[in-house]
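Subject: Structure handover

Hello,

Please find the structure below. My notes on it come after.

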Amino acid sequence: MTTENLAERLTLYGTAPDTEIAALVKETGLERVVAALVDEVLFRCDDPVNTTPVDIALEVGHGEETHRTVLRMSRGEPIRVIGGDDPSVVIRRHLQFALTDLVRRLYGPLHAQHSGDFTDVFLPDRPDDLSRLRDILDSTHQAGGTLLSGCTAQAPGLGALSVRYGSDKWASFHWYTQHYENHFAKYRDRPVRILEIGIGGYADDLGGPSLKMWKRYFHRGMVFGLDLFDKSALDQSRLRALTGDQGDPTALRELAAEHGPFDIVIDDGSHENEHVRVSFDALFPYVRPGGLYVIEDLQTSYWPRFGGTSGPVTAPDTSVGLLKRLLDDIHYAEFDPKPDEPRTITQSEVIGVHTYHNIAFVEKGVNGETSIPAWMDDEAWKALGAITPEEGREEAQSR
Ligand SMILES: C[S@@+](CC[C@H](N)C(=O)[O-])C[C@H]1O[C@@H](n2cnc3c(N)ncnc32)[C@H](O)[C@@H]1O
């Protein structure tokens, strides 16, 4: 099993019984499982704030075995895994977890209670220099807090994550995260697969802020990004950066067949109106029923340089034009007369279109509700006591 496959498999063990977790360890080896968990913890950790360096050991026990990883934390520096105990570091702390408890913390339900599921060895040795005791205690506290911030499925809100990773989805060019929060909350506990078109950074910069934000938010998710430029240097556990052109429907279908189906697809790529339509047509079939297709930056529907319409009423070939057509498609059951052609995929499978300023969420499902039966004519309505609007007005005036 590759490291990437192990990381993906672990996301499925958040509610597994001890026996299944033990079987995974037997198959893979404790060291590899712990390495994957530490990798995940380090990704989730807040930045260290302790001013005096702290070596904090994460000890993960399973049966008779314990695996120990020593982490060096110091404000302004990335957390480092160090080879072992370093006598020059005065502050030590050990957090000891049972492997099963750590797996449940990372991949279990978001609101599960975890307390008393680890042992904390706080500063095992009396510091020599008591004049620095306040700072030593503060730094020990802070480093423990940093490590525990990584040992949980709970995450800050998407606004804060957007700022933390440097995405423009909130508090700069856009105000999208409030809408994402509303629409994505129900998927958070699930092992979702998510594809975002547009990784960021264009040709010069590696980008990837929103992919990291999704990885942190969806603690059991597999996150895929697609960009015109090669950003595979971003690859890490639960995150893959694919290269391709969203204007090429064949390439899109191929990648979706290999990595999909997806629970969520987000289009934050070129924002060319034609690309938005091509991508939607190619990828909507690969969204799972119950999933979402999100289109960002609808403003380009009004910008001719992106293929948008000049003026207040958008043409059908724009992104907003696509959404207006989907609103009609949802009402297929009401069409009178019905078209001769077979029902399209969007007429059968779009069940909701939620549009906000510059962003839309298209819901996929079974658009199977029928209309009111055709035999419900005026006579039938009268039998139920209904009156026509004209009769209603006359009745109201006569009172
Ligand atoms: C707005 S940025 C994405 C920002 C990122 N999603 C975030 O929220 O941080 C747009 C990205 O789309 C990529 N892009 C532009 N045209 C594309 C195309 N035809 N196919 C795929 N990606 C494209 C650009 O290289 C750029 O990195």
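The notes below cover salt bridges and then one surface patch.

This is a predicted model, in which local features need pLDDT of at least 70 and side-chain atom pairs count only at pLDDT 80 or more, while totals for chains, interfaces and linings use all residues. Residues are numbered from 1 along each chain as its sequence is written, and side-chain values use heavy atoms, with hydrogens and water left out.

The structure holds 22 salt bridges (a side-chain nitrogen of Lys or Arg within 4 Å of a carboxyl oxygen of Asp or Glu). One of them pairs Glu8 with Arg193, with the closest N and O atoms 2.7 Å apart. Glu8 is in helix α1 (residues 3–10) and Arg193 in strand β6 (residues 193–197), so this pair ties together parts 185 residues apart in sequence. Helices (H or I, at least four residues) and strands (E, at least two) are DSSP runs, numbered from the N terminus. Arg193 is buried at 16% relative accessibility, and Glu8 is partly exposed at 24% (buried is under 20% relative accessible area, exposed over 50%, partly exposed in between; 1.4 Å probe, protein chains only).

Asp268 and Lys169 also form a salt bridge, at 3.1 Å from N to O. Shared partners join Lys169, Glu196, Asp268 and Glu296 into one network of salt bridges. Both Asp268 and Lys169 are buried.

Glu27 and Arg9 form another salt bridge, at 3.0 Å from N to O. Glu27 is in helix α2 (residues 18–28) and Arg9 in helix α1, 18 residues apart.

Regards
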